[in-house]
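Hello,

Here is the structure for you to look over. My notes follow below it.

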Amino acid sequence: MKIAVVILNWNGVQLLEQFLPSIVKYSPEATIYVADNASTDDSISFVLANFPSVKIVKNDINLGFAGGYNEVLKHIDAEIYALVNSDIEVTENWLQPILKTFEKEPETATIQPKILDYKNKEYFEYAGAAGGFIDQYGYPYCRGRIFETLEKDNGQYNDNCEIFWASGACFFIRSSVYKELKGFDADFFAHQEEIDLCWRAINKGYKIKYNSESVVYHVGGATLQQGNPKKTYLNFRNSLLMLTKNLPKDKLYWILFCRMILDGIAGLHFLLQGKCNHFLAIVKAHGSFYSLFSSNLHKRDKFQTKKYYNTRSIVFSYYINNGKVFVK
């Protein structure tokens, strides 16, 4: 199958210097692209000078993760898109297990590899770990990572299984499905747009898979640190937008109401910790959500799957019952 590895870049020349060599070395099956989001550093000149086999597609402005990929993928011809963060180190034969799964399973739309922590390679990495799920209130978590707790990789997730969402850090998708779903939702800009896309794919009857035979290492937070209030803003706002678009109709308003309360509690928690910027980020996130609510309500598909979550609350399990390890 024709596969394109597409690395979205924004002022990431140092990351390209560090991580592009492994992708070039271990991806002989693929055409490799650097998709540049209007960088002002030396990213493009570095790639041209050192990796002449790597193709470059440029955006005129920084469209974020969602809009950036939507724009550049219009110009890339492939059956499979491998959307790879610029801070990912890949391993030998990382593509073969993914391609085999796509060839054998036409109903599989998206696949995620095992994602381990580049800085501590015995542990899973925050953004994806061994495949993602959401709880009944829309909070994302992973096999191998629940909130801030990361599991050590002891082979407990050395399987190939169906998941609910695949991490955007290393995200494989059929180009036909990407086009059918009209790509990522550009309203999101960045964060949780891949969960929304996977949810929409599931609503169309497709499957999302995790494949442990493919292994990559992710730095995480290389472009936006975990403690950055902008990340708090995007995560809280986009989670509400995702629920608005994808929840079954009979659960929509009740779940949104519960999330408002839980978000308020999270905001108070930030205040008590003296993190006023994060409290204000949640307030701002809700304001933006209210302004986008009507337009996103009209994006809902006719069919909404009712099997969208783990029926327990991951918040209650983690903070009340000390549930730090994934349990299906």
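This is a predicted model: local features need pLDDT of at least 70, side-chain atom pairs count only at pLDDT 80 or more; totals for chains, interfaces and linings use all residues.

Residues 5–181 are 25% helix and 34% strand, and the end C-alpha atoms of this span lie 20 Å apart. Helices (H or I, at least four residues) and strands (E, at least two) are DSSP runs, numbered from the N terminus.

Numbering starts from 1 along each chain as its sequence is written, and side-chain values use heavy atoms, without hydrogens or water.

Now the cores. A nonpolar core is a set of buried (under 20% relative accessible area, 1.4 Å probe, protein chains only) Ala, Val, Leu, Ile, Met, Phe, Trp, Tyr and Cys residues joined through side-chain atoms within 4.5 Å. The largest has 74 residues. Val6, Tyr69, Leu73 and Phe184 have the most contacts inside it. Helix α7 gives the largest share, seven residues. A second, separate core has 30 residues, including Ile32 and Leu95. Val6 touches Tyr33, Tyr69, Leu73 and Val84, among others (heavy atoms within 4.5 Å); residues up to four places away in sequence are not counted.

Last, a helix pair. Helix α6 (residues 193–203) packs against helix α7 (residues 229–246) at about 10°, axes 10 Å apart. Axes are lines fitted to C-alpha atoms over the stretch in contact, and angles run from 0 to 180 degrees between N-to-C directions. That makes α6 roughly parallel to α7 (angles under 35 degrees).

Best wishes

Methods. Angles under 35 degrees count as roughly parallel, over 145 as roughly antiparallel, 65 to 115 as roughly perpendicular and the rest as oblique. Buried means under 20% relative accessible area, exposed over 50%, partly exposed in between (1.4 Å probe, protein chains only).
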